[in-house]
Amino acid sequence: MSTPVIPRRSSLGVKVGPIQIGGGAPVVVQSMTNTATEDVAATVEQILALARAGSEIVRITVNTDQAAAAVPKIREALDRRDCNVPVVGDFHFNGHKLLANHPACAEALAKFRINPGNVGRGAKRDPQFAQMIEFACRYQKPVRIGVNWGSLDQSVLARLLDENAELANPRDLDEVMRDAVITSALESAAKAEEWGLPADRIVISCKMSGVQELIAVYQELARRCNYALHLGLTEAGIGTKGIVASTAALAVLLQQGIGDTIRISLTPEPGAPRTKEVVVAQEILQTMGIRSFTPMVISCPGCGRTTSDYFQRLAQQIQGFLRERMPEWKNHYPGVEEMHVAVMGCVVNGPGESKNANLGISLPGTGEKPVAPVYQDGQKTVTLKGDHIAEEFQAIVERYVENRYGKQA
């Protein structure tokens, strides 16, 4: 069964290092470090981990002179490790000063992120924003104009509230707020173009923390402009709440062809790797059939027929094994990311799902014969039993990948 093709919105293509955002390119996965940027070693290691996990662009905080001075060192260290992931500088409040004082920082970054609400207040706002755009033009860098509803430009909001108060039928406050977020982004982009930054070097984001607000804002934003759009639910939350909220919002927009690059802004759980947000972003895109990143594991939820947790542990092992092998596989076995692997728990759906996958194993349920038939491309090839089923099945996966996808190299 073929996956329906979701038409992408017709946005301008923006080059960020070797990566293109928009303009018909696949939706790009982004992430952001949470290390102190001036700690070069820690920041480099986290960027490497995020890149290995599949983040195609990584953003770092640039908030102090020490952080700005560290940026070229970070870029040099990544280059020495053969990591060409684009690094984006996240600027708030003092970006104009940092770029002026640290030209090597401006040169090393692949893109600047500017928040119109935090670029300056009152009479300082436009000159400081213009100064940052001037640096982007000088160093030929793209810019993300990133509006957050929590740090909205209050002058735009005040203006729209005044205009709304004069209407015969004033709009509700939430609608005005959404309009203010969009207006701030589009007016800032228009000014950036007026000051010399080409439209194909502008990415826009209008991040909200509510699912319905985010959907409404991006639907209107896509209607009113053709800039490349960065999607993300800001302050999404921790754990399953953040994952579910981000998925609910982004899936609706992506299904409509809205969005060119995404980030899942999860609050880190204690001890959880930063790479989790990258995995979630990839899985949203892959389960929707928009992109493929790693072989997909199909596994059943279990029921009264599967009182043993063995198949659960095997499914988890196989998923981890596939992700661990992908950095090497993707360089040698083109198309392996499209592979489906079924790990099933009993005879009800086990053989059928296993036959429909590229590779499948049907484990015995409660009371069933303690054997596990393995299927390759719909054909039963071997039956595993004993204490080493997991290791034997992984070896089968390795051989299958080499034989099936190695021939395409």
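**Close-up 1. The cysteines C105 and C137 in the predicted model.** The sulfur of C105 lies 17 Å from the closest cysteine sulfur, that of C137, which is too far for a bond. With a disulfide taken as a pair of cysteine sulfur atoms within 2.5 Å, the count comes to zero. C105 is buried at 0% relative accessibility, whereas C137 is partly exposed, with a relative accessible area of 23%; here buried means under 20% relative accessible area, exposed over 50% and partly exposed in between, for a 1.4 Å probe and protein chains only. This is a predicted model, in which local features need pLDDT of at least 70 and side-chain atom pairs count only at pLDDT 80 or more, while totals for chains, interfaces and linings use all residues. Residues are numbered from 1 along each chain as its sequence is written, and side-chain values use heavy atoms, with hydrogens and water left out.

**Close-up 2. R325 in helix α11.** R325 is found in helix α11, residues 310–332, where helices (H or I, at least four residues) and strands (E, at least two) are DSSP runs numbered from the N terminus. R325 is buried, with a relative accessible area of 17%, and its side chain makes a polar contact of 2.9 Å with the side chain of E328. A polar contact is a pair of N or O atoms within 3.5 Å; within protein, one must be able to donate a hydrogen and the other to accept it, and residues adjacent in sequence count only if both atoms are side-chain atoms.

**Close-up 3. Helix α7 and its two ends.** Helix α7, residues 173–194, has 22 residues and reaches 31 Å from its first C-alpha to its last, close to the 32 Å expected at 1.5 Å a residue, the expected span being 1.5 Å times one less than the number of residues. D172 caps the N-terminal end of α7, with a side-chain oxygen 3.2 Å from the backbone nitrogen of D174. After α7 comes G196, whose phi is positive, near 115 degrees.

**Close-up 4. The largest cavity.** A cavity is a set of points, on a 1 Å grid over the protein atoms alone, where a 1.4 Å probe fits but cannot get out, and its lining residues have an atom within 4 Å of a point. A search of the whole structure finds two cavities of 30 Å³ or more. The largest has a volume of about 110 Å³, and its lining includes G239, P268 and R274. Both β12 (266–267) and α10 (276–287) supply at least two lining residues each.

Technical notes:
On a 1 Å grid over the protein atoms alone, a cavity is a set of points where a 1.4 Å probe fits but cannot get out, and a pocket is an open set with protein on both sides within 12 Å along at least five of seven lines; lining residues have an atom within 4 Å of a point. Grid points are joined across faces, edges and corners, and a volume is the space filled by probe spheres set on the points.
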